[in-house]
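Please open the model in a viewer and keep the sequence panel at hand.

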Amino acid sequence: MGNDAALLDCDIPSPTFRRYDILSNEENQHAYLTPNYSKPTEEINPEMYENIIDLNLAAVIEKGIIVMDGLGKHSRLTDALIKRSKALIVLSKHNLTQDEMKSSNYVINGNPTHPFTFYRGALRITTYT
């Protein structure tokens with residue numbers, strides 16, 4: 001669209017941009033990585049996580065569009081990202097098993113729920129399989 005953009009990797013436990021070589025040299029210049037805690041064994045403190053994300057957002061505030069790569073499993077950390085977002089894009093395989101949905105905390109009223117349904121109503125949502 002001709003706007004500047006920043007790619008902000010918000011997945012502290014398992015950063016996507018470090019794990020996969022998916023960015024071109026030009027895109028790498030616009031990628032901002034969160035600290036990698038090497039898959040922490042303890043749950044990350046939500047306040048600490050929010051402070052890290054806020055610091056990263058402050059560093060890229062001049063960018064026209066900020067794309068935040070989030071977390072695969074839903075948690076309080078995911079909620080911290082959603083409340084800072086204007087749009088939500090859910091990328092997921094369409095045929096998740098009940099066990100996959102449950103282990104990723106996509107559960108509503110005790111029922112495993114696909115992320116497309118789980119996040120419906122959270123924000124303006126675009127879904128891709």
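**First stop: the aromatic cluster**

Select Tyr106, Phe118 and Tyr119, which together form one aromatic cluster. The model is a predicted one, in which local features require pLDDT of at least 70 and side-chain atom pairs count only at pLDDT 80 or more, whereas totals for chains, interfaces and linings use all residues. Residues are numbered from 1 along each chain as its sequence is written, and side-chain values use heavy atoms, with hydrogens and water left out.

A pair of aromatic rings is described by the distance of the centres and the angle of the planes. Rings of Phe, Tyr and Trp (its six-membered ring) pair if their centres lie within 6.5 Å; planes under 30 degrees apart count as stacked, over 60 as edge-to-face and the rest as tilted. The structure holds 3 aromatic pairs. One of them joins Tyr106 and Tyr119 edge-to-face, at 5.8 Å centre to centre with 75° between the planes. This pair links distant parts of the chain, 13 residues apart: Tyr106 is in the loop between H5 and E5, and Tyr119 is in the loop between helix H6 (115-118) and strand E7 (124-128). Helices (H or I, at least four residues) and strands (E, at least two) are DSSP runs, numbered from the N terminus.

Next, show the rings of Phe118 and Tyr119, an edge-to-face pair at 5.0 Å centre to centre and 85° between the planes. The classes are buried for under 20% relative accessible area, exposed for over 50%, and partly exposed in between (1.4 Å probe, protein chains only).

**Second stop: two asparagines**

Most residues other than glycine have a negative phi. Select Asn105, which has a positive phi of about 65° although it is not a glycine. Asn105 is placed in the loop between helix H5 (98-103) and strand E5 (107-108) and is partly exposed, with a relative accessible area of 40%. Then move to Asn109, where phi is also positive, at about 50°, although this residue is not a glycine. Asn109 lies in the loop between E5 and strand E6 (111-112) and is exposed, with a relative accessible area of 75%.

Select Lys83 and Glu50, whose side chains meet in a salt bridge (3.4 Å, N to O). Lys83 is in the loop between H4 and strand E4 (87-91), while Glu50 is in helix H3 (residues 46-59), 33 residues apart. Lys83 counts as exposed, at 58% relative accessibility.

Arg84 is partly exposed, with a relative accessible area of 24%.

Asp54 is in helix H3, so its pair with Arg84 in the loop between H4 and E4 ties together parts 30 residues apart in sequence. Asp54 is partly exposed, with a relative accessible area of 34%. Through shared partners, salt bridges join Glu50, Asp54, Lys83 and Arg84 into one network.

Select Arg76, found in helix H4 (residues 76-82). Which residues does Arg76 contact, leaving aside its neighbours within four places in sequence? Arg76 is in contact with Glu43 and Pro46, where contact means heavy atoms within 4.5 Å. The C-alpha atoms of Arg76 and Pro46 are separated by 6.6 Å, although these residues are 30 residues apart along the chain.

**Last stop: the sheet**

Switch to a cartoon view and find the open sheet of 3 strands in the order E2-E1-E3, with parallel pairing. Two strands pair if DSSP finds at least two bridges between them. Strand E2 (31-33) and strand E3 (65-69) are the edge strands, each pairing on one side only. Strand E1 (residues 5-9) is joined to E2 by 3 bridges, and Leu7 stands opposite Ala31 in E2.

Notes. A salt bridge is a side-chain nitrogen of Lys or Arg within 4 Å of a carboxyl oxygen of Asp or Glu.
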